[in-house]
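Trainee: I have a model to go through with you. Shall we take the helix packing, then the ligand?

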Amino acid sequence: MAASTLILSALLFAAAIASGAAGPNTALDDVCALLGGYYVTPEACASALCHDPSSSPCAAARDAHAVAELAARLAAANATAARDSVRAAAAGEGAAAKKAGLLSCLQLYTGAAAALEWAAGSVAAGRYPGAREVLQAAQYVPSGCDGMAAGAAMPAENGGFDTMVTVAHAVVASLSKGY
Ligand SMILES: *[C@@H]1O[C@H](CO)[C@@H](O)[C@H](O)[C@H]1NC(C)=O
């Protein structure tokens, strides 16, 4: 019994080494590991927040709060980029009905980008309530835009924002439990 426990621990230890952890987990790894309740896998979390670990601020995030700050910032920047793409699409050629949908989508993004800027500042200041709700509401923007665009091709940034805001909401919500 003791021996089999020992063997099991040895196996688990070997597996931990084999899984390629070169060094201790980063704060980002730790936060990303706990988002299953929000249907966000560790891989999806890391790829959204840490696309290039060698050159991004994600590797430098020292603790969970820094990860939340980063996630909220990225979501705000991502919304701004998506807003600009939707604005460009709405200014392009297209049937009037599709253009109306894109203009309504643009309004959604304009509001979301401003609210997410506020949320990023709030999270940076350590205030998660409110920011969490803004991130939650912003999750509905991409599918709202898909619906309103009525068959018009939505810019790819709409899907990119969908991924980013889902992850950012999960991070902030998971760290603000108990508020
Ligand atoms: C927004 O986030 C998505 C998901 O991580 C990413 O693929 C995309 O490149 C980002 N877009 C911008 C403009 O930052």
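Trainee: Which hand does the crossing of H5 and H8 have?

Mentor: This is a predicted model, where local features need pLDDT of at least 70, side-chain atom pairs count only at pLDDT 80 or more, and totals for chains, interfaces and linings use all residues. Residues are numbered from 1 along each chain as its sequence is written, and side-chain values use heavy atoms, with hydrogens and water left out. H5 and H8 pack at about 30°, their axes 13 Å apart. Their crossing (left-handed if the near helix is turned anticlockwise from the far one by less than a right angle, right-handed if clockwise) is left-handed.

Trainee: How are H4 and H5 oriented, roughly parallel or roughly antiparallel?

Mentor: H4 spans residues 64-91 and H5 residues 96-124. Their axes lie 8 Å apart at an angle of about 160°. Angles under 35 degrees count as roughly parallel and over 145 as roughly antiparallel. So H4 against H5 is roughly antiparallel.

Trainee: Which residues surround the ligand?

Mentor: Near means a heavy atom within 4 Å. H4 and helix H8 (156-175) each give two or more residues to this shell. The shell divides into three nonpolar, two polar and no charged residues, with Gly counted as polar. The ligand is surrounded by Ala-48, Asn-78, Ala-81, Gly-160 and Met-164.

Trainee: What distance separates a polar side-chain atom of Asn-78 from an oxygen atom of the ligand?

Mentor: Asn-78 is one of the residues around the ligand. A polar contact is a pair of N or O atoms within 3.5 Å. For Asn-78, the distance is 2.2 Å.

Definitions and conventions:
Axes fitted to C-alpha atoms, helices over the stretch in contact; angles between N-to-C directions. Helix = DSSP H or I, 4+ residues; strand = E, 2+ residues; numbered from the N terminus. Parallel < 35°, antiparallel > 145°, perpendicular 65-115°, else oblique. Polar contact = N/O pair within 3.5 Å; in protein donor to acceptor, adjacent residues only side chain to side chain.
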